[in-house]
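Visitor: I am new to this structure and would like to be taken through it. Could you show it to me, please?

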Amino acid sequence: MLTGVLGAAVVSCGPRHPVAAAGGGQQAAGKVGGGQQSPAKADYPRLADVPEQVEPDGTSILVGDPQAQVTVHLYEDPRCPVCKEFETSGGGPVLTKWVLRRKVKVQYTMASFLDARLGGNGSKKAVNALRAAVEKRKFAEYHAVLYQSQPSEEVDGFTFARLVQLASKVEGLRSPSFDTAVKSMKYRDFVDSSEKVFAAAGHYNGHAGPGTPTAEVNGYRIPVEYSGLLYKADLFDKYLARVIGAAT
């Protein structure tokens, strides 16, 4: 299933490696326990209808049907261009499809390590704004808008003004309370706690944190050598379908 090779790219924010030979996907699917088939539910009509919440750990955000039997845990940084590739043309749209079908729920740990590495504080501001969007149940839509409109990695472009402007693209997100939360860094504690969780999740290329994006599927972390899978939508789709089949 994981045949084919992607060209590797060296980037500052995380791994971007070729897809390795088949076997990794089989191992991952094997990690998924069997489960009873639940009655079919209607698909969510659109992303705006998908439930989302801050997890009890206080550091991650869950998007999708809480009863979905497959959980994809993503580690991302808003300034990471490889995350943008994943979210806009790689596995991100595939994830959205499966979330709408209630087969997958996505747990996001939003990191902000690129601020320290590149200078500025755009990642922290963006993570704070994303947390504020949860209060309006608009995280998933706003998350998509931020990656679609991501400034160059070297440019600290996620300013307060830009984040509020981009929020206008999400119906129902802008309000005085949202704007104030963005500009006052209301959720600074969430930003700092999420970064600590990310830093403790592993190491990559001599830095704390596993690199971004990193994905775990039902607790199985896709290894660096297989990470090219994340940028091939068709392969990632087949991989998730296999895991979903094993789980249901």
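Visitor: Which residues of H9 are buried?
Guide: The buried residues of helix H9 are Phe190, Val191, Ser194, Glu195 and Phe198. Seen down the axis of H9, they fall within an arc of 130°, so they line one face of the helix. Buried means under 20% relative accessible area, exposed over 50% and partly exposed in between, with a 1.4 Å probe and protein chains only. The arc is that of the directions from the helix axis to the C-beta atoms. Helices are DSSP runs of H or I with at least four residues, and strands are runs of E with at least two, numbered from the N terminus.

Visitor: And which are exposed on the other side of H9?
Guide: Asp189, Lys196 and Ala200 are exposed there. Just after H9, Gly202 takes a positive phi of about 150°.

Visitor: What kind of model is this?
Guide: This is a predicted model, in which local features need pLDDT of at least 70 and side-chain atom pairs count only at pLDDT 80 or more, while totals for chains, interfaces and linings use all residues. Residues are numbered from 1 along each chain as its sequence is written, and side-chain values use heavy atoms, with hydrogens and water left out.

Visitor: What is the mean pLDDT of the protein?
Guide: The mean pLDDT is 88, and 84% of the residues reach 70 or more; pLDDT is the predictor's confidence in each residue, from 0 to 100. Over residues 1-12 the pLDDT is below 50, and over residues 20-34 the pLDDT is also below 50. Where pLDDT is low, the predicted coordinates should not be read in detail.

Visitor: Changing topic, how many salt bridges are there?
Guide: A search of the whole structure finds 11. A salt bridge is a side-chain nitrogen of Lys or Arg within 4 Å of a carboxyl oxygen of Asp or Glu. One of them joins Arg79 and Asp115, whose closest N and O atoms are 2.9 Å apart. Arg79 lies in the loop between strand S3 (70-76) and helix H2 (81-89) and Asp115 in helix H4 (residues 113-118), so the pair ties together parts that are 36 residues apart in sequence.

Visitor: Is Arg79 buried or exposed?
Guide: At 3% relative accessibility, Arg79 counts as buried. Asp115 is buried as well, with a relative accessible area of 3%.

Visitor: Which residues are linked with them in a network?
Guide: Arg79, Asp115, Lys124 and Asp156 are linked in a network of salt bridges.

Definitions and conventions. Contact means heavy atoms within 4.5 Å.
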